[in-house]
Amino acid sequence: PDRYEIRESETGRRLRCSEAPSLDATGVGVAFESDASDLVANDTNGVRDVFYSDAAGVAPFAKTRASVSDTGAEATGGASTSASVHVSAGGRALVAFQSDATNLAPSLGATSNVYLFDSDQAKATLLNQRRTALDQASGDGDASDPVIGPAGAYVAFSSAAANIASPSRSMAPSAVPNPGIRVPRRSASSRSAQGSASVVGR
C-alpha cells in the first residue's frame, strides 16, 4: 500500500504523516505529500504540502517544498496533494500537483487547481488556465490528478471545467506566467459526463 494513517494509541488523534510517494522514472526524484511542518525551514502554513527530494547520493536526502506560489510563497487556505515528478538529465525537477490553496495563483475560479513546480525557478505555475491566450485565471471547474509524461514534456490532468481547452490552441510567449517554462503549444481534451482529461505541453 502507498498510504498510511498513524494515530496516537490513547487519543486516536491523527498524527502528522507523509504519504503518497511518486518516483521519477530515473529513480532519482521522489515527490510526496506531508502534514509535517519540520521537513523544510519556515513551514508555518498548517496545511498539507507537496515536497520533492533528490534521492541521489547518501541519506538523509535534501527536501524542497514544491507547493509554493508563482512568487515562491507558501500555500495557504487548503491542502496540496497528488504529486507527480520528472527529473531531467541535468537535474531539473518538475513536480505537478493538485492544490486547494487559495493563494498559489491570481483569479482562481475553481476550488482545486493543478500546478507545475520548476526547481530551476523555485516556484509553481498554474496549468488549468482558461483557454484564452492572455487570460491566466483558472478554469471554471476543479482540476485534479496530474501526471507528468515520461519525457517531462507534457502534463495530463482531469478537469470539470468547460473553458480551459479546445481541440487545438496556440499561446503567445506573453501568456506564459513563468519564463522558465516553455510555451504550451497545444492542449487536447476528451470530454465525458464526468468531466474532461486535458494534456498541456511544455
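The side chains of Arg-65 and Asp-43 are joined by a polar contact of 3.0 Å (a pair of N or O atoms within 3.5 Å; within protein, one must be able to donate a hydrogen and the other to accept it, and residues adjacent in sequence count only if both atoms are side-chain atoms). The model is predicted, so local features need pLDDT of at least 70 and side-chain atom pairs count only at pLDDT 80 or more, while totals for chains, interfaces and linings use all residues. Residues are numbered from 1 along each chain as its sequence is written, and side-chain values use heavy atoms, with hydrogens and water left out.

Asp-49 is another polar partner of the Arg-65 side chain, through its own side chain at 3.3 Å. Arg-65 is buried at 11% relative accessibility (buried means under 20% relative accessible area, with a 1.4 Å probe and protein chains only). Beyond its neighbours within four places in sequence, Arg-65 has contacts that include Val-40, Phe-51, Glu-74 and Phe-117 (heavy atoms within 4.5 Å).

Then there are the salt bridges, eight in the structure (a side-chain nitrogen of Lys or Arg within 4 Å of a carboxyl oxygen of Asp or Glu). Arg-48, buried with a relative accessible area of 8%, pairs with Glu-19 at 2.4 Å, N to O. Glu-33 also forms a salt bridge with Arg-48, the closest N and O atoms being 2.7 Å apart; Glu-33 is buried too, at 5% relative accessibility. Asp-35 meets Arg-48 in a salt bridge of 2.7 Å, N to O.

Conventions:
Buried < 20%, exposed > 50% of the residue type's maximum accessible area, 1.4 Å probe, protein only.
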